[in-house]
Amino acid sequence: MTGSGLIRTVLGDVPPEPWGITNAHAHLVGGPDTSRPPFDTTDASELIMTLDDSLPELDDFARAGGFCLVDLTPAGMGRDPTALVTASEQTGMHIVMGTGIYHDAHHPESIAGLDEAEIAEMLVRDITVGVDGTGVRAGIIGEQGTFTGPMTEREKVVFRASAMAAMETGVAVTTHTHLGLNALDQIDVLTSMGLAPERIVIGHLDDSEPDLDLIREIIKRGAWAQFDDIGYEYYTERLKVQMATDVVRAAKLLQLAEEGLAGRVILASDFGMQRHLRVRGGPGLVVLADGFRRTALEGGVPEEVLDQCMINNPATVLTML
């Protein structure tokens, strides 16, 4: 491990204190993987996000108190390290980039046939040297993905490699689940390699109404539970479910807080589609620091709980050990 005690942003390493409101899962730039067949009915144009689209959103987030954004765009799906540098420089926001490999159907050709050690070496290089020859270094591993069925053998290879790279570099691993499916299997595979559960963030636990029994088990095992669809309340063609409302998300967060579990919850918005833009009628990046915070406070969630989930918890996860 590096033992740095710092957070690795696209502009360099920074101390974790003082810290501020963090969107722990978003996509400032990206697009569909055109080398693979589509895995849902979403119009491909919906998935294209450029800096022209996202910079005004990042500015809004910053003005509302936003401090840091974690961009988890996977390899092969439009990840652009230099664009993230530009975004950070122009807005003053801290940006942490992930080194992510999405679920099996979207694994990049570059990892086809590679074993755990070889993929781990790639991830370590992204963290210690830089992504795609840019010199811009990743500060977290993810979003490492699984899909609807049991984890595939190749997904298990990627997760084992992720654990190896996380232990070597000191960064955390953050995951993509489909409606929470495979969450416990993800933890099992990662910890089977020796990765401490407190370095694991399980994502997408609020796509539909959050399953508190599952979340309690995730937390019981020592991992982090992430609500990362804050602001989204529409029917999603991708998931084929009606997403939870922010009122429901806030109520579930309050229940977890009353059980003393908020210390393991992280909040984010998975911003990254055209329908998320404010100019398209969406909630925008600002929703985490503005609309949802207001909804949660009105629903009885203490301000200190929101600060815990939006500031302290992300800073803990992002700090390299």
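Predicted model: local features only at pLDDT ≥ 70, side-chain atom pairs only at ≥ 80, totals over all residues.
Glu209 sits in the loop between strand E8 (200-202) and H6, while Lys252 belongs to helix H7 (residues 246-258), so the pair ties together parts that are 43 residues apart in sequence. Now show the surface.

Next, select Arg221 and Asp188. Their side chains meet in a salt bridge, at 2.8 Å from N to O. Arg221 is found in the loop between helix H6 (212-220) and strand E9 (224-227), and Asp188 in helix H5 (residues 183-192), so this contact links parts that are 33 residues apart in sequence. Arg221 is partly exposed, with a relative accessible area of 31%. Asp188 is also partly exposed, at 38%.

Stay with helix H6 and pick Asp213 and Arg216. A salt bridge joins their side chains, again with an N to O distance of 2.8 Å. How far apart are they along the helix? They are three residues apart in H6, which means about one helical turn separates them. Asp213 is exposed, with a relative accessible area of 57%, and Arg216 is partly exposed, at 26%.

For the last stop, select Arg8, Asp13 and Arg137 together: salt bridges that share partners join these residues into one network.

Technical notes. Residues numbered from 1 in each chain as written. Heavy atoms only, no water. Salt bridge = Lys/Arg side-chain N within 4 Å of Asp/Glu carboxyl O. Helix = DSSP H or I, 4+ residues; strand = E, 2+ residues; numbered from the N terminus. Buried < 20%, exposed > 50% of the residue type's maximum accessible area, 1.4 Å probe, protein only.
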